[in-house]
Amino acid sequence: MRVIQTESLRGVTARWLFRPHGAEGGEVVLGQRRVFILPTRAGMGFAALLMLLFIGSINYNLSMGYVLTFVLAGCALIAMHLTFRNLAYLHLAPGRANPVHAGEEAQFELHLSNRRRYSRYAVWLGFMGDGLPAREQAFDIPAQGVCPVLLQAPTSRRGWLAAPRIRLHTSFPLGLLRAWSYWQPELKVLVYPHPEEHAPPLPATDAPQSEDHGAGGQDDFAGVRAYQAGDSMKRLAWRQIARLGNDGALVSKHFEGGAASELRLDFSMLPEAMDVEARLSRMTRWIIEAEARGLPYAFRLADVSYPAGIGGAHREACLRALALYGKQP
Amino acid sequence: MNSSTLRSATLREQLTRGLPRDKSDTLLLIGACVLVMMPHAWHLPAWATLAASALLLWRGWITFHGKRMPTRWLLLPVVALLMLGVYNSYRTFLGREAGVCMLVLLLALKLLEMRARRDLFVVTFLSFFVLLTNFFYSQTIATALLAAAGVIAILTAQISFQYTGIHPPLRERVGMALRIFLLGVPLTLVLFLFFPRIQGPLWGMPGDAAGSRTGLSDSMEPGNISELVLSPEIAFRVRFIDAAPPTSALYWRGPVLGNYDGRRWTPLTRTTVPPSRQVVRLSRPLRYQVTQEPSGQHSLFALDLAATVPRLEHNPVRLQPDFQMIARQAINERVRYDVASSLDYKLQADEPALALRDWTDLPAGFNPRTYEYASRLRAQATSDLELVNAVLQMFRTQNFSYTLRPPRLGRHAVDDFLFSTRAGFCEHYAGAFVVLMRILDIPARVVTGYQGGELNKIDGYLTVRQSDAHAWAEVWLAGRGWVRVDPTTAVAPDRVERNLASALPRSAISGLLALEGADGPWLAILQKLRDNRDAINNAWNQWVLDYTPARQRGFLQSLGIDDPDWGTLTMLVLTLGAAVTVLVGLPLLRNRQKVDQVEALYRSLCSELARQGLPRAPHEGPLAYRVRLREAPLPPARRAAVLDFLELYEVLRYGTSDMLSDKAVAAPLSQLKSLLAQCR
C-alpha cells in the first residue's frame, strides 16, 4: 500500500516538475527551464569530502586547508555551470524514420545541433519508457556543429509508432553533477505487419491475360537490355556487366512469356477463419516475395485496390495499407 | 640515427600518441598522485617513501605494459606488511603522523586496486586528502603553489576519464582543468574571507604538539643566547599603530630571571612576600600589534613596560609581577595580539625591603674574587647609583670585548669572566652585572628578550629575529624602582644603537650574511631583496595563514560590520557567493554571437523603421523589404536614404565590389552610417 502511495506521489511530483507535454513539433531548444541538475553519487561523496576537509582544517587550524576546501567548493560550483551548459541550449530536431516490419528495430534519426562556441562532450541519449531496453548512447557535438543520432526502439505491433520519450543527460566535465532533460520529438515510424514465416507460396494467378507483344514475362530468357530504374537486383546480368568492363553500365536480363498473367493479392481471398493479423501477415510476406521475384502484383485490401505493379512506390503503398488496416490513417 | 635514439623516439611516440586512451588516462592519474604524494617524502620514514614509490612504479608498469592487476590475495599480505611497518615506526595507528603515513600508503594501494569507475573517485578524493595533510608540515607560498598544481593535475585526470568519444589532447584537458580552477578562485576568495570561522581544535590531537621550535627559553646559561643569535629565523613581527620609538628604546621584555645557582639563571618561582604590581606610567601608552611565530614557549613579548595584557583566543595570558607575560599554553602556532606599552615608567618604587630580599639571593661558595672586588667598590661609593655606574665604567674602560665565541668559563664563572677572559656576549655581561649588584646588596635581576628589530621599508613592519635575542639587567634603586641597565652597551654601544652585526667584529660573523647590516651597495641590494621577500611572506602570513576568527572579526569591522553574528555572516557569505557566482557563471552560459558591423547597422535600421511604424516582416529579405518601402508613407528624403541604405546593404552582403558606387568603395561602413543617420 505504502509502496503504491509513494509511487504515485513520485509520479505526481515528476509530472509537476518535468511537465511532460505532448510531442513537440519541429526544432526544440533545451532552455534553462527544461534542464535539471543534481549531484551524482560521486558528487554526494565530494560534498562529504569537502565537509571532512573543512572539519580537518578547523581542527588543525590549517589556513591552507580552508583555502583547499574553498577552492574545491569553487571548482564544484564551476563544474555545475559547465555540466549545465554542456546540455542546455542544445537544439534538437527530429529527422527521418524509415518504415520497418513489426518485430524489427525502428530507427529514429535525430539531429542534435550545437550553436554555441564550445564543444559538448559525452552527452548521453536514450529512449525511456516501460519495456524499452535501457540502452543509451554517448555523443560528442562539436562547437557550432550538428551531430546526427540514430536511436533504436523495438516494434511489436503494426501501425504508427511514435518515438518514445527521450532522456538526455550528461555529467561532463567532472562527473560530480548530472544534468538531464526530456524530449518528446514529434516523430513516428510506420510499422508494417510482420511478414509471415513459412507462408504458403504465392497464390496461383487466376485467368490468363491476353498476351501483349513485348510484355515482360517471367519465364523465358529473352536477352539483356540496359538497366532501367526499378529493375530488380536479381535480374541484373552480372556476367554481362563484368564483361562490359568498368564503364559502369548496368544491364539486366529480360524475360518474356510464361506467366504474363497477373498476380493478384487479395485480402478477401484469404480464408475467413484466419485471424486478421495473420492474414495481413501473409499478405505482407507475399508482397515481399513478389517483389523479390520481380512479379508484378495487383493488390486489394477492403476498399483499397491497386492495379498490378512492382517497385518501391507500389510496394510501399501496399504495405502502408496493410499496416494501417483498421487503424487511423 | 642509432638504436638508442630510435628506441627513445618510439617510446616518446608511444607516450604521446601510441598509448591507448585508458592507458594514458591511468598514467595521468598516477602522475597526479605522484605530484600530490611527493612533498610527503621529506618527513615520512624512508621505508614508507620507498614502499609508496615501489607501489606506484608497479602500477605504472602494469599500465604501461598492459599487465593484469594483482589479485586481492597478492595485495593482502602487502597491506598487512605495510600496516606492520606503520606500527613499528609510530607505535600507534592513531595520531597525525601515523595517519598521514597510512593515508599515503592507502592512496598508493588504491591505485593498484582500481577496477570500477567508482574507484576513480575514491582515488581522487584520497588525493585531495593527502594534499590537505601536506599543510601539516608546510604552509609556505611554495607549498601553496605545489598544491595548486596538484589540484589541477587531479582535476585533469578526473576530466580525462569522463570523455566517451572524442578524447582531446592533453593540453586541452589541462586547459579545461585550469579554467575550472581559475574560475573557482573568486568564490574561494569570498568563502575564505567571509565563511564563518570556528576556532579549532574541535578535539584533542594525540601527538600533535609542535616539535622543537627555536625561541628564547626561560632560563639562561652561558652559551644559549649566543647560539640563538646565529639563527636568522623570525621571532615576531610588529606593526606600530602609534609612531615607532627609536631603536635604542626597543627592549622586548621576555622571561625575567632572578634565581642563580652559580651557573644557570632561572625565574624566581617563590617570593617571601607577594610583590605589588605598583607602576606609575609617565608616558602615554604606545599601541602596536605583535605577530609572534611559534616558539614552543609560554612567553609573549612587549616593549618595556606593558600597559595592557594581550588576549589570545582560548589561551589566557597573565601578567606576572615582574611584568613578564605568560600564556597558559605554549605558543605552538603563530599568534597575533594587541599590546600597549609605556616607555617611561616607575616600577614598584615603593616596594618594601622584605619583598626585595629575594632579588639579592646568591648561592654560597662561588666567585670569591668578585666578592673581594665588590667590597672595594662599596668602600669607594656612596650610593647605589654610583655603584652601578662604577661597574659600567669598569666594563667600558677595562679591556672587555664583545664576542659570540667566548672562552670557556670554570666553576667560578663570574670571577673567570671579570678577571681573566674578559670576553663575552650579552648574557655574560648581564649575568656578571647582576651577580655583582647582588653582592653589593642592590636588588637586581636578569631580563631576557629581544632588542631592536629591523624595519621593513616595504610594508612598515618591524621584524624581530632570533638574532636580536638579548639579555640585560634591572636594578632596584630607592625612589626609582626597577631601572633597566644594559651592561652590554658599555662594551658595545653599537649593539643597541644599530644592530648585532655592526657590534661584532667582522671575523665573528663571516658566513653569517643574513646578519649583515647595510654596508656597501651590493649589501643594500641584498637588504632590499630580503625586505621584499619578507614583505611578501609577511603579507602571506597576515592574510592567509593567520586569518583566524579574531582576524575575520577585525576585517569585518573594518568593513563596517560590527560584531557580526552567525546569521549575518551566513547571509553575507550567501549574498556575496551568489553575486560572485552570477558574475563568473553568466559569461559561461550567455551566448555571445558576434555580429559584424554591417549586420548591426542593418538591424538598427530595421528597428528604427519598426519604430516609425514600418516593421520588416519576418519572412522579408532586404530586397523584398526595399520593394515594399518604395511605396511607404515616408518623407521623400528619408525614403531615398532608406532605399539607398538597403541597396548598399544588399550589395555589401551579396554583391561584388565592382557593384559599389565610388563613394561607397572607399568607406562602405561610414556611408552606411551616414545613410542610417538620414533615416532618423
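Student: In which loop of chain B is the place of Asp441(B)?

Tutor: This is a predicted model, and in it Asp441(B) sits in the loop between helix 14 (426-439) and strand 15 (444-451) of chain B. The backbone there deserves attention: Asp441(B) is not a glycine, yet its phi is positive, at about 70°.

Student: Is Asp441(B) exposed, partly exposed or buried?

Tutor: One counts neighbouring C-beta atoms within 10 Å, and a residue with 12 or fewer is exposed, whereas one with 20 or more is buried. Asp441(B) has 13 other C-beta atoms within 10 Å, and is therefore partly exposed.

Student: Which positive phi does His198(A) have?

Tutor: The phi of His198(A), again not a glycine, is about 55°. His198(A) belongs to the loop between strand 12 (188-192) and strand 13 (216-226) of chain A. With 5 other C-beta atoms within 10 Å, His198(A) is exposed.

Student: What is the omega of the peptide bond from Phe172(A) to Pro173(A), and is that bond cis or trans?

Tutor: That bond is cis, with omega near 5°. Pro173(A) lies in the loop between strand 10 (166-170) and strand 11 (177-183) of chain A. In chain B, the bond from Asp304(B) to Leu305(B) is also cis, its omega being near 5°. Leu305(B) occupies the loop between strand 8 (302-303) and strand 9 (317-319) of chain B.

Student: In what order do the five strands of the open sheet in chain A stand?

Tutor: Strands of a sheet pair through backbone hydrogen bonds, in either a parallel or an antiparallel sense. In chain A the order is 2-11-10-6-7, and the pairing is antiparallel. Strand 2 (36-39) and strand 7 (137-141) of chain A are at the edges; each has a single partner strand, so one side of each lacks a neighbour in the sheet. From one strand to the next, the twist averages 30°.

Student: How many bridges join strand 10 of chain A to strand 11 of chain A?

Tutor: Five bridges join these two strands, which run antiparallel.

Student: Which strands of chain A does helix 3 (residues 63-87) lie across?

Tutor: Helix 3 of chain A lies across strand 2, strand 6 (120-127), strand 10 and strand 11 of chain A. Relative to strand 11 of chain A, helix 3 of chain A runs at about 25°.

Student: What is the order of the three strands in the open sheet of chain B?

Tutor: The order is 7-10-9, with antiparallel pairing. Strand 7 (299-300) and strand 9 of chain B form the edges, and each has a single partner strand, so one side of each is without a neighbour in the sheet. Three bridges connect strand 9 of chain B with strand 10 (residues 325-327) of chain B. Leu319(B) faces Met325(B) in strand 10 of chain B.

Student: At what angle do helix 2 (residues 21-37) of chain B and helix 6 of chain B cross?

Tutor: An angle under 35 degrees counts as roughly parallel. The axes of helix 2 and helix 6 of chain B cross at roughly 20° and come within 9 Å, so these two helices are roughly parallel to each other. Their crossing is left-handed. Helix 2 of chain B contributes Leu29(B), Ala32(B), Cys33(B), Val36(B) and Met37(B) to the contact, while helix 6 of chain B contributes Val123(B), Ser127(B), Val130(B) and Leu131(B). By class, this contact has eight nonpolar residues, one polar and no charged.

Student: How far apart are the axes of helix 11 (residues 368-380) and helix 13 (residues 413-421) of chain B?

Tutor: Their axes are 7 Å apart, and the angle is about 60°; the two helices are therefore oblique to each other. Pro368(B), Arg369(B) and Thr370(B) of helix 11 of chain B meet Val414(B), Asp415(B), Leu418(B) and Phe419(B) of helix 13 of chain B. Four of the residues in this contact are nonpolar, one is polar and two are charged.

Student: How many residues does the contact take from chain B and from chain A?

Tutor: The contact takes 43 residues from chain B and 40 residues from chain A. On the side of chain B, helix 8 gives the largest share, 10 residues. By class, that side of chain B has 31 nonpolar, 11 polar and one charged residues.

Key. Residues numbered from 1 in each chain as written. Chains lettered and ligands numbered in written order. Predicted model: local features only at pLDDT ≥ 70, side-chain atom pairs only at ≥ 80, totals over all residues. Contact = placed C-beta atoms within 7 Å. Helix = DSSP H or I, 4+ residues; strand = E, 2+ residues; numbered from the N terminus. Nonpolar A, V, L, I, M, F, W, Y, C, P; charged D, E, K, R; others polar. Axes fitted to C-alpha atoms, helices over the stretch in contact; angles between N-to-C directions. Parallel < 35°, antiparallel > 145°, perpendicular 65-115°, else oblique. Pairing = 2+ DSSP bridges. Left-handed = near helix turned anticlockwise from the far one by under 90°.
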